[in-house]
Amino acid sequence: MATIQFLGHSAFYVEGSGIKALLDPFLTGNPQASEGPDARAALDYIFVTHAHGDHLGDTVAIAQRTGATVVATNELAIYLSGKGLKTVGLHIGGRTKMPFGEVKLTPAFHGSSIFEEGRMVYSDTPCGFLLEIDGKKLYHSGDTGLTVEMSLLEAEGIDVALAPIGGYYTMDVRDAVRAVGFIKPKKVVPMHYDTFPSIEAEPSEFKRLLDGKVDVVILKPGEKMSF
Ligand code: NI
Ligand code: MN
């Protein structure tokens, strides 16, 4: 059995057999963060969907402190290797075995950039992650608009999907409902909302619209769920 803990925004902690990991660890400067960047003494992996500050977040500092391996798209992984981090750089559609199970990178329709020395550097195409942990499938979509590519995920048999509902930069509630119709996960957890005024959303509305179709689990920052 694996456990996820919502840390606020799109940040999650995932634990299962052979894996302790963070996803998109934006903790410093995140008004919703339920913990700080020093909360985890031991970490195996950090999965980063794209380089925007609210996703790359504290990755460099946490990976330097814990020795965790960062998993990202190839170009972002190369950039992070340049910071002295251990990385695994795959690409969209690529799947590989990992000591804990499997990882696959999924498409995300969005941007990705890094501010460095006052300049914006384009990083890479963003991605989502499909993780197989303890025989269960967890999908973190990253930041993305609604895409028909999500219908390809139905065949993966996803147990838990983490989906943005905040709109403005990503899917809003209405589009996230359609995404769930494509993905057909057993459970869905809304993310990427209420962190900033531009992405205020109603998770209860998301739950209401999917009532009887899929189990919508609304996690408050700090709350956990087993799957
Ligand atoms: Ni983004
Ligand atoms: Mn974002």
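This is a predicted model: local features need pLDDT of at least 70, side-chain atom pairs count only at pLDDT 80 or more; totals for chains, interfaces and linings use all residues.
Begin by selecting the nickel ion (ligand 1) and displaying the side chains around it. The ion is coordinated by His-50 through NE2, His-52 through ND1, His-110 through NE2 and Asp-143 through OD, at 2.1 to 2.3 Å. If you follow these donors along the chain, their spacing reads H-x1-H-x57-H-x32-D. The angles that the four donor atoms subtend around the nickel ion run from 89 to 175°, which makes the arrangement irregular.

His-52 counts as partly exposed because its relative accessibility is 21%, whereas Asp-143, at 2%, counts as buried.

The protein donors of the manganese ion are Asp-54 (OD), His-55 (NE2), Asp-143 (OD) and His-192 (NE2), lying 2.1 to 2.2 Å from it. Asp-54 belongs to helix α1 and His-192 to the loop between β14 (187–191) and α5 (203–209), so this pair ties together parts that are 138 residues apart in sequence. Asp-54 is buried, with a relative accessible area of 16%, and His-192 also counts as buried, at 1% relative accessibility. Along the chain, the donors of the manganese ion follow the spacing D-H-x87-D-x48-H.

Now hide the side chains, switch to a cartoon and look at the open sheet of seven strands, whose order is β6-β5-β4-β3-β2-β1-β16 and whose pairing is mixed. At the edges stand β6 (87–90) and β16 (224–226), each with a single partner strand, so one side of each is left without a neighbour in the sheet. From one strand to the next, the twist averages 20°.

Within this sheet, select strand β3 (residues 19–23) together with β4; the two run parallel and are joined by three bridges. Here Ala-21 stands opposite Tyr-45 in β4.

Finally, bring in the helices. Helix α2 (residues 59–66) lies across β3, β4 and β5 (69–73), and runs at about 165° to β4. Helix α3 (residues 74–81) also packs on the sheet, where it touches β5 and β6, and its direction makes about 140° with that of β5.

Terms used: Residues are numbered from 1 along each chain as its sequence is written. Chains are lettered from A and ligands numbered from 1 in the order in which they are written. Side-chain values use heavy atoms; hydrogens and water are left out. Donors are N, O and S atoms within 2.8 Å of the metal (3.2 Å for Na, K and Ca); water is not among the atoms, so sites may look incomplete. Four donors count as tetrahedral if all angles lie between 85 and 135 degrees; four count as square planar and six as octahedral if opposite donors are over 155 degrees apart and all others between 65 and 115; anything else is irregular. Buried means under 20% relative accessible area, exposed over 50%, partly exposed in between (1.4 Å probe, protein chains only). Two strands pair if DSSP finds at least two bridges between them. Helices (H or I, at least four residues) and strands (E, at least two) are DSSP runs, numbered from the N terminus. Axes are lines fitted to C-alpha atoms, for helices over the stretch in contact, and angles run from 0 to 180 degrees between N-to-C directions. Contact means heavy atoms within 4.5 Å.
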